[in-house]
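Hi there,

Here is the structure I promised to pass on to you. Have a look at it first, and then read my notes alongside it.

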Amino acid sequence: MKPIVAIVGRPNVGKSLLFNQIINKRLSIVHDSPGVTRDRIYADAEWLGKEFTLVDTGGLEPFTKELIPALMRQQTEVAIDMATVIIFVVDAQTGMLASDLQVADMLRKSKKPVILCVNKSDNEEHEIAQYEFYNLDIGEPYPVSALHKRGFGELLDAVTDYFPDETEEKGENAPVHVAVLGRPNAGKSSFVNALLGDERVLVSEIAGTTRDAVDTPFEFNGKPYVLIDTAGLVRKRSVDTDIDYYSTLRSMAAVERADIGIIMIDADRGVAEQDAKITGMFHDAGKPCVLVLNKWDLIDKDTHTIEEYKKTLYDTLSFVQYAPCITISAKTGQRVKQVMQLVEEIYEQSTKRITTGVLNDALRQATILTEPPSKNGRQLKIYFGTQVSVQPPTFVLSVNSTELFHFSYERYLINHLRRTFGFDMVPIKIIAKGKGEEQ
């Protein structure tokens, strides 16, 4: 998974502006009033070729008992628990406060790498203030101005130095990681218990990336798997609106770690926005998933019920038409094993490699069946294609002009490759490269 970098600190030190400047987007709310960022926001970022997930948090007030700050502290603690590296932000213009010392104490106890960012160092006079922060006993301070985007290079160099080396491609016997995600009370726990009750081989539990989740190794049909069980983690609170302070980051981390997702949907309640968000995370990450309609035993059925349910499901989740759907009852154990059989098939598809010669034969056939698009008298030409990676299957096509490579033709080629090579249950990625562009 990508390293997770959490930005923490007391309120109003400029964490959200720092977050926005690093990712070059305005995702977090930037406001002078402390405590504006009440939900945790994350985004993908990159520094000198090193990719990571950046997490913004609300202001940390360690010992407050007020409702909103207390909830903000809880969400920040979750971010700290899951972080690979922590950026601790302080304010050069206000100087060191007692709450900075309290936050520093909390971070030292986490045993995580901490980079001390002295924000609002907008000029030389402010930069001198960095030396005061050595008293936090966190390490070397890095003077930064998020407002003027100064000092980012040294800061991000220090952050990425703590990233682990990129893991090598999975070996043949490496376990497949399967994440079970869904809304509260969708039946995740019942599904996990039904699955592991019959198929568990290794009765050991390894602490996962959050304080509540466990990774459970088990075998199915003689193959090793690791189940990322997120059941029971959602603790919904109400502040101004219903905000789940735990599910977004937890779900994101589970998606990053997983090879395949099992999206548990309560058939009795139907598809909801949270189901769509979780499914969207898998799709955006290029990772396949199974749509599992649980509690099917509670549904009054007629001959058209399953077709109607699937139509509603895929109308809502139109971006994952490739994802297979299965109805189960975790309570009775009905079709629970068939879910894992689908997982087996999906993993085989997502790791399939197509030889270059066979791929180019298929591309030639596709262009004969449907001519490439034209614009201003120029027609798209596909010279050559090659598969560059798996999970998801990714193909690079050498073309005469990327401007002519319309998304509708890309969609057509993806569907052609699905039919030709049996990629019907997994996402596929196509990258067009024009002449002279780097591969």
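The protein chain holds 12 helices and 20 strands. Please keep in mind that this is a predicted model. Of its 439 residues, 51% count as buried. Among the contacts with a separation of 6 or more, 69% are between residues 24 or more positions apart.

Start with an open sheet of three strands, which runs in the order S18-S19-S20 with mixed pairing. Its edge strands are S18 (382-389) and S20 (429-434), and each of these pairs on one side only. From one strand to the next, the twist averages 25°. If you follow S18 and S19 (residues 394-399), you will find them paired in the antiparallel sense over six bridges.

H11 touches S18 and S19, and its direction makes about 135° with that of S18. H12 touches S18, S19 and S20, and its direction makes about 130° with that of S20.

How are these helices placed relative to each other? H11 (residues 356-369) and H12 (residues 407-421) pack at an angle of about 125°, and their axes are 10 Å apart. Angles from 65 to 115 degrees count as roughly perpendicular and those over 145 as roughly antiparallel, and H11 and H12 are therefore oblique to each other. Their crossing is right-handed.

From H11 come Val 358, Leu 359, Ala 362, Leu 363, Gln 365, Ala 366, Thr 367 and Leu 369, and from H12 come Tyr 409, Tyr 412, Leu 413, His 416, Leu 417, Thr 420 and Phe 421. Sorted by class, this contact of H11 with H12 has 11 nonpolar, four polar and no charged residues.

**Another pair of helices**

Next, turn to H1 (residues 15-23) and H5 (residues 152-160), whose axes come within 12 Å and cross at roughly 85°. H1 and H5 are therefore roughly perpendicular to each other. On the H1 side the contact is made by Leu 18, Gln 21 and Ile 22, and on the H5 side by Phe 152, Leu 155 and Leu 156. By class, the contact of H1 with H5 has five nonpolar, one polar and no charged residues.

**A strand on the inside**

Strand S13 (residues 260-266) is worth a visit too.

With S14 (residues 289-294), S13 pairs in the parallel sense over six bridges. In that pairing, Asp 266 stands opposite Asn 294 in S14.

**Two single residues**

Is Thr 327 buried or exposed? With a relative accessible area of 10%, Thr 327 is buried, because buried means under 20%. Thr 327 has its place in strand S15 (residues 325-327). Leaving aside neighbours within four places in sequence, Thr 327 is in contact with Leu 293, Trp 296, Ile 306 and Arg 335.

Lys 112 is in the loop between helix H3 (98-110) and strand S5 (114-119). Its relative accessible area is 25%, so Lys 112 is partly exposed. Which residues does Lys 112 contact, leaving aside its neighbours within four places in sequence? They are Ile 80, Asp 81, Met 82, Ala 83, Ile 86 and Leu 107. Take Ile 86 from that list: Lys 112 and Ile 86 are 26 residues apart along the chain, and their C-alpha atoms are separated by 7.1 Å.

Notes. Residues numbered from 1 in each chain as written. Predicted model: local features only at pLDDT ≥ 70, side-chain atom pairs only at ≥ 80, totals over all residues. Heavy atoms only, no water. Axes fitted to C-alpha atoms, helices over the stretch in contact; angles between N-to-C directions. Helix = DSSP H or I, 4+ residues; strand = E, 2+ residues; numbered from the N terminus. Parallel < 35°, antiparallel > 145°, perpendicular 65-115°, else oblique. Left-handed = near helix turned anticlockwise from the far one by under 90°. Contact = heavy atoms within 4.5 Å. Nonpolar A, V, L, I, M, F, W, Y, C, P; charged D, E, K, R; others polar. Pairing = 2+ DSSP bridges. Buried < 20%, exposed > 50% of the residue type's maximum accessible area, 1.4 Å probe, protein only.
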